[in-house]
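Colleague: I would like to go through this model one feature at a time. Please give cut-offs as terms come up.

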Amino acid sequence: MGQGIFQRLVIAFGFGVVVLAIAAGVWRYGYVQALGQLSRQGSVDLALAADRLTGQLQRYRELAVLTADRPVAAQIAGGIVDTVTRRRLLEIVDKTGALDVMVVDTDGFVLASARGVDSLDLSAQPFVRRAMQGALGRAHGLRAPFDRRAYYYAAPIFSGAGTVQGAVVVAADIAAIEWDWVGSNPPVFFTDDTGEVFISNRSELVFWQRREDQPGLRPASGIAPAFNSYLLGPHEVWQLGWGPYLPANALHITRDLPVIGMTGEVLMDVSPARRLAMLQAAAVAALCLAFGAVLFVATERRRTLAQANALLEARVAERTTELERSNAQLRFEATEREEAQAALAQAQSDLVQAGKLSALGQMSAGISHELNQPLMAIRSFAENGVEFMARDKPERAAENLTRISELARRMGRIIKNLRAFARQESESLVRVDVGAVLVSALELTEARLRACGVVLQVNRPDNPVYVRGGEVRLGQVFVNLISNAADAMQDSAEKRLTIHIVQGKAPADGGNPDGLGAVTVTFEDTGPGISVPDKVFDPFYSTKEVGASEGMGLGLSISYGIVQSFGGEIRGTNTDKGAVFMVHLDHWQEDGKIT
């Protein structure tokens, strides 16, 4: 007995180790895949920020070139420095927003400056020497005497004979350029050839320099907080502890910017990717543990039955001598017992299979299709709330917290409905405004549609249209249909989703659109259509690729059951442009009668 218990403990421990290894593998795979998506998003954000900065600096490059061709530049280079020429330089600065405009002679000395900084020696500056050679020079650094960050462009001034007689130096104020995008999400910074951060939308990163011997030095605060990094596949992840405005763990992405001589870098928060990978690993571990528990119960029952049979056979053998005259009767009884045992084993096998399918259906439906959308919405509102708090907008943050509270209550109602659906229970049907339910479903899927580039067109009556059903479960049906349409149109050239709410049966069904007998809600997309319309509502039927984050094939099956519980009907068919799903619901009259 003791040895058997020990063996079962060893098997259970080994099974737990295997499940843990599988969950760890799923977590790593999901994390790497999520980092890949995050990397693509970060590359787009970095490209936009880099194009924005380059475009702003290009204005001052063009200003230097145009000013060098103006007569005032030639006059100052020729030695005419008076009140008129200085005032013209100051007008250029005031109209363009430049930090300073200077004219230097061929020896690199400042002849005139819009800010009054004259007799400054710039001969040692490489960008000035390049301008004296007839080319456009650029550089960045601290603007003396105020130690303000500036980006410089130097354009040569040519004489009538084609020789260089000086240069125009335009200084752009980096702080002014940063002003309108400081604090935007995500953190973006630009480093020079030495790796020092010169431009950033996070002030705590300015002048930080990544070094091998220590995290980096910043003049304002001395040694920077702890810094570490590691590679996960092709991705580099930074571990930071630099305050609430920078992520604790961030994906580091770079982009070379030879036009301005810098490198653009962005830090993308990996917390959402980790949470998604953890949820996937937890779901796989839960499925494996449930399967193991069912298998263990079946094995224990079979072992107990085998022990009972062995004991019975031993007792029969001991009494064989005394009951020889009753041997025929005993054989008859033994045959009946064997048939009963076979029937019992078959019944137990069927029961185990039914239990596994039931557990899989309830778990998959509850986790994959009911809580995913509200959780994503809560995360989005929470991140926006943090951003509004960081921008000192508590009223907007409070508004987001209210939305989170509403979604939490809504999730409670969803879980209640899921439990009732799993136990074949049903809530009492009430009057539901189908237009309001559609608006709520579109709010949950708005970000998804926008990310997929789907153009949405909704046609519904101005007045409320009441049907018989449940608000949460009907919203679930609409969310499933909208999400399926977005997935179907991922590879389509035209991505358009058209939703109609019509009172009365659809004309294709032989009804009158002006009637009040039924309410029809149609969802028409421009995807590839339905390959097998007759099987689209079958459980576990899916046309999505293997390995997709959502593709269990239960969404339309659950939607079909919900609409049937309302006394309605849902259909799916193809059009010349894509697929269309029609949800027919019973109309609720004001006197309480259902038509």
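Colleague: Which residue in β20 stands opposite R571?

Modeller: This is a predicted model, in which local features need pLDDT of at least 70, side-chain atom pairs count only at pLDDT 80 or more, and totals for chains, interfaces and linings use all residues. Residues are numbered from 1 along each chain as its sequence is written, and side-chain values use heavy atoms, with hydrogens and water left out. Strands β19 and β20 (residues 579-586) run antiparallel and are joined by 6 bridges; strands are DSSP runs of E of at least two residues, helices runs of H or I of at least four, both numbered from the N terminus, and two strands pair if DSSP finds at least two bridges between them. In β20, the residue opposite R571 is M582.

Colleague: Helix α11 packs on that sheet; what angle does its direction make with that of β18?

Modeller: Helix α11 covers residues 471-488 and touches β17 (496-503), β18 (518-524), β19 and β20, where contact means heavy atoms within 4.5 Å. Axes are lines fitted to C-alpha atoms, for helices over the stretch in contact, and angles run from 0 to 180 degrees between N-to-C directions. The angle between α11 and β18 is about 25°.

Colleague: Which strands does helix α12 touch?

Modeller: Helix α12 spans residues 555-565 and packs on the sheet, with a direction at about 25° to that of β20. The strands it touches are β19 and β20.

Colleague: Which strands stand at the edges of this sheet, and why is one side of each without a neighbour?

Modeller: The sheet is open, with 5 strands in the order β15-β17-β18-β20-β19 and mixed pairing. Each edge strand has a single partner strand, so one side is left without a neighbour in the sheet. These edge strands are β15 (455-459) and β19 (569-574).

Colleague: Do β15 and β17 run parallel or antiparallel?

Modeller: Strands of a sheet pair through backbone hydrogen bonds, in either sense. N459 has H500 in β17 as its bridge partner. β17 also pairs with β18 over 6 bridges in the antiparallel sense, with I499 opposite F523. The 5 bridges between β15 and β17 join strands that run parallel.

Colleague: In the open sheet of 6 strands, what is the average twist from one strand to the next?

Modeller: The order is β7-β6-β13-β12-β11-β10, with antiparallel pairing. From one strand to the next, the twist averages 35°.

Colleague: Is E236 buried or exposed?

Modeller: E236 belongs to strand β11 (residues 235-240), and its side chain makes a polar contact of 3.3 Å with the side chain of W238. A polar contact is a pair of N or O atoms within 3.5 Å; within protein, one must be able to donate a hydrogen and the other to accept it, and residues adjacent in sequence count only if both atoms are side-chain atoms. Buried means under 20% relative accessible area, exposed over 50%, partly exposed in between (1.4 Å probe, protein chains only). At 19% relative accessibility, E236 counts as buried.

Colleague: What end-to-end distance does helix α6 reach?

Modeller: Helix α6 runs over residues 271-318, which is 48 residues. The expected span is 1.5 Å times one less than the number of residues, and the helix comes close to that expectation of 70 Å. From its first C-alpha to its last, α6 reaches 70 Å.

Colleague: D392 is not a glycine; what is its phi?

Modeller: D392 lies in the loop between α8 (372-390) and α9 (394-422). At 65% relative accessibility, D392 counts as exposed. Its phi is positive, about 60°.
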